[in-house]
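Dear colleague,

I am handing over the structure below, together with some notes on what turned up in it. Please keep it open while you read.

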Amino acid sequence: MEQNRPITLLVCALGGEGGGVLTEWLVDIARHAGYAAQSTSIPGVAQRTGATTYYIEVFPVPLAQLGGRRPVFSLSPVPGALDAIVSSELLETARQIGNGMSAPLRTLVISSSARIFTTAERMQPGDGRADGQQLLDVVKAFSREHHVFDMNAVAREAGTVVSAVMLGAIAGSGLFPFPRGAYEHVVRGGDTSAPEKLGKMAAASLRGFAAAFDAVSAPRAQAAFVSSVMAGDTNDAPPPARALPDELARRFPPAVHNMLALGHARVLDYQDTAYAGLYADRLAKVLDAERAADPAGARGFAVTREAARWLALWMAFDDIVRVAALKGRAGRAQRVRQEVRATDEDIVKVYDHFKPGAPEFAALLPPGLSRRVTAWDRGRQARGREPWALPLKVGSHSVFGMASLRLLSSLKWLRRRGQRFAEEQALIERWLAAVVTGTREAWALGHELALCGRLIKGYGSTNERGKHNLLHVIDELAGRAALPASTRAEAIAAAREAALADEGGKALDAALVRHGAAPRPVQAQPIRWMKRPPSATARS
């Protein structure tokens with residue numbers, strides 16, 4: 001490090017991660033160690049569209065050796081002139097590199113591998129997530145040295161906030177000429193007590209600091225970690241194996257077991273044993289068709305595996321019973337306490353706001369009553385009134401509130417008798433019939449149709465559009481026997497990707513027309529209605 005210019009560091013943190021505290025720590029550490037330092041900050045914006053950045057400069061020569069002179073600091077970072085970038089989120093790291101902040105021959109980059117998805121990523125009907133491997137490639141290409149690890153996981157394990165982990169990573173990198181004891185002194189708040197006598201927050205911060213310090217100060221282990229991530233060992237890894245009943249393990253090939261176990265467990269939790277059995281029977285039909293098309297299983301039973309994924313998600317569709325069951329689980333209360341960082345002494349009150357309307361209640365009623373309720377609500381709207389809804393505020397932290405959620409979640413038996421359940425099962429059968437027929441005709445055609453299960457997602461209008469799009473693709477493309485199977489498979493793949501890329505449906509209509517099919521009806525009526533209650537708000 002040159003002795004005639006400051007050491008420059010840019011810290012990127014999201015809201016609530018303690019970036020300001022980290023900056024104060026670093027300035028205090030520098031001054032405690034006898035060095036001149038200065039920091040500035042640039043606030044970010046809401047809704048996860050950017051980070052708050054903190055810029056820190058530390059002169060590498062102690063004040064005692066400057067003979068009364070004082071260094072001159074800059075108020076803002078200069079692109080390409082940074083010694084280090086530390087970020088709590090991988091995409092934010094790549095964003096700063098894209099802004100030209102990192103110089104390949106100069107800048108040390110320390111980043112969390114964790115992702116907090118941006119608003120733009122969440123808005124995509126399909127998988128809008130930025131590719132993690134590409135982000136890591138950017139970090140590697142535009143840094144002289146890089147350290148990447150999951151800071152959020154380290155913080156959770158230590159019971160602290162990510163700012164303490166970031167501080168440990170900075171200390172472990174040797175960026176600043178401060179001893180480890182100087183960092184720990186400030187984290188302790190000047191308290192020289194033994195670790196067991198420190199306050200809970202300080203002790204947790206020290207644990208997170210130490211874990212990150214060790215991770216970054218072991219460069220060979222860290223380099224091996226980054227290499228494994230970039231090789232794809234941690235991205236797109238299959239979910240951990242779940243217990244699969246022996247009967248199903250014998251019935252399905254090993255290549256399907258992992259996804260089958262997850263899907264079977266989800267459907268079983270959603271309804272009952274009989275419904276989980278229906279899931280397995282439906283999937284067995286797809287397996288039989290795939291074995292006929294690919295007897296040797298050379299393609300790894302990909303059709304059955306994809307059908308297992310999307311069938312489970314569709315069969316476990318959201319309704320008010322499902323929402324109540326999820327909100328009433330003990331694990332949710334524990335997660336909320338962790339999110340608000342409540343201690344054992346804190347009292348946390350959670351209020352769930354529901355606003356079920358006529359469609360939600362009609363969904364659980366028999367077809368005759370369901371149609372009457374729906375017609376009554378539509379009549380209200382025709383007279384200029386708003387759709388009927390029942391606003392509810394339930395304190396799930398209270399005995400009465402939790403009892404209400406448990407009572408509502410116990411109505412699984414009513415779901416089978418409802419209009420929505422019958423409609424969903426009919427639509428599922430139409431999709432599966434197309435998958436089975438397409439697979440028997442040509443494996444690629446069946447595989448593309450199985451992947452079309454991705455179109456069914458979300459709730460409300462998003463869910464309605466997905467079903468409408470799926471049925472239109474099946475009717476207009478899959479059944480066109482005059483065209484070769486390979487041509488239909490390509491057309492279905494193009495239509496599916498178009499539907500996922502454009503929520504409005506213009507891209508899908510263009511893809512349909514391009515492949516000789518009719519566009520969707522302009523005045524198409526929604527297949528179903530569904531309005532999900534808003535998420536709970538936690539207050540402590």
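A search of the whole structure finds 12 aromatic pairs, where rings of Phe, Tyr and Trp (its six-membered ring) pair if their centres lie within 6.5 Å, and where planes under 30 degrees apart count as stacked, over 60 as edge-to-face and the rest as tilted. One of them joins Phe176 and Phe178, whose ring centres are 5.4 Å apart and whose planes stand at 20°, so this pair is stacked. Phe176 has a relative accessible area of 4% and is buried, and Phe178 is buried as well, at 8% (buried means under 20% relative accessible area, exposed over 50%, partly exposed in between, with a 1.4 Å probe and protein chains only).

Phe317 and Phe421 form a tilted pair, with 6.4 Å from centre to centre and 55° between the planes. This pair links distant parts of the chain, since Phe317 lies in the loop between helix H13 (302–315) and helix H14 (320–327), whereas Phe421 belongs to helix H20 (residues 419–441), 104 residues apart. Both Phe317 and Phe421 are buried. Ring pairs also link Tyr35, Phe176, Phe178, Tyr183, Phe209 and Phe213 into a cluster.

Before going on, please note that this is a predicted model, in which local features need pLDDT of at least 70 and side-chain atom pairs count only at pLDDT 80 or more, while totals for chains, interfaces and linings use all residues. Residues are numbered from 1 along each chain as its sequence is written, and side-chain values use heavy atoms, with hydrogens and water left out.

Two charged side chains sit over rings (NZ of Lys or CZ of Arg within 6 Å of the ring centre and within 35 degrees of the ring normal): the charged end of Lys393 is 4.6 Å from the centre of the Tyr351 ring, and that of Arg415 is 3.8 Å from the centre of the Tyr270 ring.

Turning to the strands, an open sheet of 6 strands with mixed pairing has the order S2-S3-S1-S4-S5-S6; helices (H or I, at least four residues) and strands (E, at least two) are DSSP runs, numbered from the N terminus, and two strands pair if DSSP finds at least two bridges between them. Strand S2 (37–42) and strand S6 (145–149) stand at the edges with a single partner strand each, so one side of each is left without a neighbour in the sheet. Strand S5 (residues 108–112) pairs with S6 in the parallel sense over 5 bridges, and Ser111 stands opposite Val148 in S6.
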